[in-house]
Amino acid sequence: MNIQNKELQMANNKKVNKRIESTKKYIDEFQKENSKLNIIRVDLGYTKPYSSEVTFEEASNDLARMQNNMRSKPAVFKDKLGHIIKRECTEEKGIHFHAILIYDGQKVQNSTFKADQIGHYWENEITQGKGSYHNCHRNKYDRNGIGMLDHKDSDKRKILDEQVLAYLCKDDQTIDSVKSNKKDRAFTRGTIVKSKKKLGRPRKNKPPL
């Protein structure tokens, strides 16, 4: 590897590490106000032959439409706090999205059911039957970092950080050849909206002196 390539690799690693750390802080902010988070992991894509025909712009428009419609679909998206999405393009699957949707775990408790709800909405209403999805909560993981996350469960949070978030945050060049707008990004997440009052787990009051 020549000096220029080494410098590019170092810059890339720095960018990825910064993305990982900022995404951890994104989760931290939700945990400050919620005793439990439900980390819903679902992959959204397209069935064949559409998977080889859908353009990056078309897929992005579908995703944007789903996000814009969330307020009008409370049965699916009520109590959603945030999201993290990675876009990829492969020969086998075409354009697809690896998505995490973060819900209030006190109000949304069945991870598998919620992921199916999201997937069915993508398949049937957003893509009009052209879409497909994979419910990651049906996978068998040796170390599971998705699903219900209690604020005291540091072991599960570590798995979420080191395996799930690290994968979503890693740099990916697969969409560079299919996107027409250089501003389009492979990785996106929501923004934190600060609440005016503290919500979530109750705090113990100090005893009177």
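1. In this predicted model, R157 counts as buried, because its relative accessibility is 10% and the cut-off for a buried residue is under 20%. The residue belongs to helix α5, which covers residues 154-169.

2. The surroundings of R157 include residues from other parts of the chain. Leaving aside residues up to four places away in sequence, R157 touches K24, I27, D28, Q31 and L149. With Q31 there is also a polar contact between the two side chains, at 2.7 Å.

3. A further spatial relation of R157 concerns G145. These two residues are 12 residues apart along the chain, and a distance of 6.6 Å separates their C-alpha atoms.

4. A separate point concerns the packing of two other helices. Helix α2, formed by residues 56-68, packs with helix α4, formed by residues 111-126, at an angle of about 115°; the axes of α2 and α4 are 11 Å apart. The angle therefore places α2 roughly perpendicular to α4, as the range for that description is 65 to 115 degrees. The crossing of these two helices, α2 and α4, is right-handed.

5. Classified by type, the contact of α2 with α4 comprises six nonpolar and two charged residues, with no polar residues.

Key. Residues numbered from 1 in each chain as written. Predicted model: local features only at pLDDT ≥ 70, side-chain atom pairs only at ≥ 80, totals over all residues. Heavy atoms only, no water. Axes fitted to C-alpha atoms, helices over the stretch in contact; angles between N-to-C directions. Helix = DSSP H or I, 4+ residues; strand = E, 2+ residues; numbered from the N terminus. Parallel < 35°, antiparallel > 145°, perpendicular 65-115°, else oblique. Left-handed = near helix turned anticlockwise from the far one by under 90°. Nonpolar A, V, L, I, M, F, W, Y, C, P; charged D, E, K, R; others polar. Buried < 20%, exposed > 50% of the residue type's maximum accessible area, 1.4 Å probe, protein only. Contact = heavy atoms within 4.5 Å. Polar contact = N/O pair within 3.5 Å; in protein donor to acceptor, adjacent residues only side chain to side chain.
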